[in-house]
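The following exercises ask the reader to work through a structure step by step. Please keep the sequence and the 3D view at hand.

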Amino acid sequence: MDQEWDYFARHSGKDPDPTEVQKGLHGAQAAARVGRHEEALDGYIWFHENSVEVPGMGGVRRSFALGSWIELGRVYPPARSALEAIRDRKSKSLLNGFRDLAFFQDVTSI
């Protein structure tokens, strides 16, 4: 989480594999269910960052995935802190004039 969120980082030129992105979310949820909290958090962060460009994944990103992440945050406070940090960095970018619909949608969803 130390890395600053960078708009251009998500545009690597490589199209994300929808199957891998979905597996990433399921892996994070499975880790959370069995109490592997740090692994689950890493998975939610990975999913959040890698699902932006996947068609049809926006709703999942901003509903089911965030809901699961919030549930993890109730039992593992670093998960909540990480989600708040993402929200705060994206909010700051928007307030500084960075125009990005995905950032705005993420902030309002979080």
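Each exercise below gives a task and then a worked solution.

The model is predicted: local features need pLDDT of at least 70, side-chain atom pairs count only at pLDDT 80 or more, and totals for chains, interfaces and linings use all residues. Residues are numbered from 1 along each chain as its sequence is written, and side-chain values use heavy atoms, with hydrogens and water left out.

**Exercise 1. Describe the secondary structure and the burial of the protein chain.**

Step 1. Helices (H or I, at least four residues) and strands (E, at least two) are DSSP runs, numbered from the N terminus. The protein chain has 6 helices and 0 strands.

Step 2. Buried means under 20% relative accessible area, exposed over 50%, and partly exposed in between (1.4 Å probe, protein chains only). Of the 110 residues in the protein chain, 35% are buried.

Step 3. Contact means heavy atoms within 4.5 Å. Among contacts between residues at least 6 apart in sequence, 61% join residues at least 24 apart.

**Exercise 2. Examine helix α2 and its surroundings.**

Step 1. The buried residues of α2 are A40, L41, G43, Y44, I45, F47 and H48. These buried residues pack against α1, α3 (58-62), α4, α5 and α6 (101-109).

Step 2. H48 is buried, with a relative accessible area of 3%. Apart from neighbours within four places in sequence, H48 is in contact with R61, W69, I86, K90 and D106. The C-alpha atoms of H48 and R61 are separated by 6.6 Å, although the two residues are 13 apart along the chain.

**Exercise 3. Classify the aromatic pairs.**

Step 1. Rings of Phe, Tyr and Trp (its six-membered ring) pair if their centres lie within 6.5 Å; planes under 30 degrees apart count as stacked, over 60 as edge-to-face and the rest as tilted. The whole structure holds 2 aromatic pairs.

Step 2. The rings of Y44 and W69 have centres 6.1 Å apart and planes at 15°, so this pair is stacked. Y44 lies in helix α2 and W69 in helix α4, so the pair ties together parts that are 25 residues apart in sequence. Both Y44 and W69 are buried.

Step 3. The rings of F98 and F103 have centres 5.1 Å apart and planes at 65°, so this pair is edge-to-face. F98 is partly exposed, with a relative accessible area of 26%, whereas F103 is buried at 2%.
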